[in-house]
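Okay, thanks for having me, everyone. Let me put the model up on the screen, and then I'll walk you through it.

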Amino acid sequence: MTDRIAIVGGSGLAWLEELEIERQKIVVTPYGEPSAPLAFGHFAGIPVVFLPRHGGEHTIPPHRVNYRANIWALESVGVKRIISVASVGGISMEPGILCVPDQIIDYTWGRDHTFVECCETTPIKHVDFSQPYCEELRHILIKAGRNASVRIKTEGTYGATQGPRLESAAEIQRMHRDGCDLVGMTGMPEAALARELDLCFAHLSLVVNWAAGLGKGPITAHEIQKNLDASIELVKSLLKNLELSQA
Ligand code: HPA
């Protein structure tokens with residue numbers, strides 16, 4: 001099977017207009033339905049599979065995304081590498097910047113977070129997650145960002161919160177003490193599920209607001225949308241500069 005790279009799009013990237021779609025595929029998984037049919041096509045000459053995490057109409061909230069179905073579906077069509085794109089709040093990074101995080105802290109709860117089920121005949125598997133992201137793909141993203149002349153941080157700790165509400169100022173202070181640089185609602189269990197299936201997974205975070213208590217006043221939808229609109233253009237130019245060799 002061809003090594004197509006998957007792009008999982010988040011808020012602001014529910015669709016890639018420049019994606020030349022060749023076909024769409026509804027994948028049935030043992031875990032239920034993925035967020036949308038998989039869209040196969042070419043983006044800037046690169047063969048990709050695109051999946052909008054929040055659904056085609058952007059109606060699936062972070063705590064209801066079927067992360068297992070999404071990752072399983074991508075693996076089932078032969079994907080080996082996944083670029084996950086999502087907007088985040090900045091704890092140590094200002095709005096407008098992109099970041100390719102290198103670490104994660106998981107504060108989510110109650111999500112179907114693993115493919116390991118009780119009590120299969122195969123022995124229990126504990127995957128290594130010391131380095132939660134794929135270094136090779138992280139470097140491809142960083143290089144593409146540099147080639148596209150976008151401001152990009154090459155490391156950072158992503159704190160995954162449950163949502164859909166934003167955090168309290170005290171929660172952000174705690175996350176800051178924990179070492180988080182970014183806060184988002186969809187980074188987990190996506191990354192861990194990809195690791196369980198031995199996929200190369202990296203994340204591109206778009207900082208769209210200062211996290212709670214760090215900006216001037218409350219976080220507004222207007223502020224988020226304004227920064228998202230600007231950042232998404234940076235993401236598209238970064239993606240157009242991806243230099244992918246065969247995995
Ligand atoms: N918190 C959590 N998720 C987010 C935020 C935030 O401030 N901004 C965008 N996604």
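I'll start with the ligand site and then move on to some backbone details.

Quick housekeeping: this is a predicted model, so local features need pLDDT of at least 70 and side-chain atom pairs count only at pLDDT 80 or more, while totals for chains, interfaces and linings use all residues. Residues are numbered from 1 along each chain as its sequence is written, and side-chain values use heavy atoms, with hydrogens and water left out.

So, which residues are around the ligand? We have Ser87, Val88, Gly89, Leu166, Glu167, Val183, Gly184, Met185, Val208 and Asn209, going by a heavy atom within 4 Å. By class, that shell has five nonpolar, four polar and one charged residues; here Ala, Val, Leu, Ile, Met, Phe, Trp, Tyr, Cys and Pro are nonpolar, Asp, Glu, Lys and Arg are charged, and the others, Gly among them, are polar.

Strands β5 (81–90), β10 (182–184) and β11 (200–210) each give at least two shell residues, and β5 has the largest share, with three. Strands here are DSSP runs of E, at least two residues, and helices are runs of H or I, at least four, numbered from the N terminus.

Now the polar atoms. A polar side-chain atom of asparagine 209 sits 2.6 Å from a ligand nitrogen, and one of glutamate 167 is 2.8 Å from a ligand nitrogen. From serine 87, a backbone N or O atom lies 3.4 Å from a nitrogen of the ligand. The protein covers 94% of the 260 Å² of accessible area that the ligand has on its own (Shrake-Rupley, 1.4 Å probe).

On to the backbone. Where are the cis peptide bonds I want to show you? One joins glycine 163 and proline 164, with omega about -5°, and that proline 164 is in the loop between β9 (157–160) and α3 (169–178). Another joins methionine 188 and proline 189, omega about 10°, with proline 189 in the loop between β10 and α4.

Is alanine 191 buried or exposed? Buried, because its relative accessibility is 1% (buried is under 20%, exposed over 50%, partly exposed in between, with a 1.4 Å probe and protein chains only).

Last one: histidine 58 has a positive phi of about 55° although it is not a glycine. Histidine 58 is in the loop between β4 and α1 (67–76).

Note on methods:
Polar contact = N/O pair within 3.5 Å; in protein donor to acceptor, adjacent residues only side chain to side chain.
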